[in-house]
Amino acid sequence: MLNYVHEIPTKLYFGKGQISHLDEILRSLGKKVLLTYGGGSIKKMGLYDTVIDILKKGGFEVTELSGIEPNPRIESVEEGVRLCKENNIDVILAVGGGSTIDCSKAIAAGVFYDGDLWDMVASYHGTLKALPLVDILTLSATGSEYDGGGVITNLKTHEKIGNSYTYPYASICDPTYTFSVSKYQTASGTADIMSHIFEGYFSRTEDSDLSDHIAEGVLKTAIKYLPVALKEPDNYTARANLMAISSVACSGIPQYGKQDTGWPCHAMEHELSAFYDITHGIGLAILTPRWMRFILEKDPSCTWRFVRFAKNVWGLDGDDEKALAIAGIEKLEEFFAQSGIPKNLTELKITDEHFEEMAAHANYGNYLKDAFVALTNEDIVEIYKACL
């Protein structure tokens, strides 16, 4: 078990009705608020009106930035920074899912960044000086409500880059705000949650039992409650459990004491989103089983981890370790298919046209040499092809 240092400065308000704390949270941070949100779903569900009513009654000055994209773009970051500077914003209030929160983190840091904002995104760094950020979560997926990172896309250069910006000062996580999320987005978000776990769980560190048991618990919770949420969208228990594991999965907690893996599936999926602007969780769900099969064949010494996954997550058993490992992968693939997730990239009208360029980006500087199983550019191309 490796050494680790971990701090999560975010105060998380979880449960029904926690928006009642919004005024007191914002009041301690300032009066001029930049309200950020996406394509208008918060207006359809009535949350926008609730937020505006609280802000007006509290005497806050509100500037709005709407239309933040599902894969947030650098242009939205630039516009947000412009609005913050022009209106002397004190605090950013992000209402939405991970894309809105990610974009808002980059805006919060970009206000103080001296230089081109894409340089801020593309040059790796730790958390930066930033405006305070508060969020109201409406989608269980990325975990951005409880971490310091964000992912920003530049469609002009076909780049989608994750980096550190700032932790939210506070996050309001009310599961009822996810009742109206579509089946497609619910399944996609859960695939994203599970992928955050996979990226740390499939590690060479064998003796961090706490991390492994937490990870397995998160996966089993996702497997139990996604089907319930798909069948009963307003089932509070299902939505609450999915929202809770969303925050935990990407918080760093399930990776305590474990070797960093470079998050290979995320590196590969970011290229799919950068080139084709697809839903992040869908790309991850398609990639992950193919990545699993590939590395199992490339390096059989990793079989033990897949055996543990099959036994502890899926409850499978058997004496043939290779067969057991493959059975666990098949169960995952079946779970995603039953959740309504597309089975391959061909369904998304993606061809092999850019695979070599995408692989070079994903493995820039031999980035994935220290993954659970090291990947070359050629390996990544093969995994992409297996997804067609």
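**Group meeting: cysteines and a parallel sheet**

Cys-302 is buried, at a relative accessible area of 0%; buried here means under 20%, exposed over 50%, partly exposed in between, with a 1.4 Å probe and protein chains only. This is a predicted model, so local features need pLDDT of at least 70 and side-chain atom pairs count only at pLDDT 80 or more, while totals for chains, interfaces and linings use all residues. Residues are numbered from 1 along each chain as its sequence is written, and side-chain values use heavy atoms, leaving out hydrogens and water.

Staying with the cysteines: how many disulfides are there in the whole structure? The search finds zero, a disulfide being a pair of cysteine sulfur atoms within 2.5 Å. For Cys-302 the closest cysteine sulfur is in Cys-265, 13 Å away and too far for a bond. Cys-387 also has Cys-265 as its closest, at 8.8 Å between sulfurs, again too far. Cys-387 is buried as well, at 0% relative accessibility.

Now the sheet. Six strands form an open sheet with parallel pairing, in the order β1-β8-β5-β4-β2-β3. Strands (E, at least two residues) and helices (H or I, at least four) are DSSP runs numbered from the N terminus, and two strands pair if DSSP finds at least two bridges between them. β1 (11-14) and β3 (61-65) stand at the edges with a single partner each, so one side of each has no neighbour in the sheet.

β1 pairs with β8 (170-173) over four bridges, where Phe-14 has Cys-173 as its bridge partner.

Helix α4 (74-86) packs on the sheet, touching β2 (32-36), β3 and β4 (91-96); contact means heavy atoms within 4.5 Å.

Technical notes. Axes are lines fitted to C-alpha atoms, for helices over the stretch in contact, and angles run from 0 to 180 degrees between N-to-C directions.
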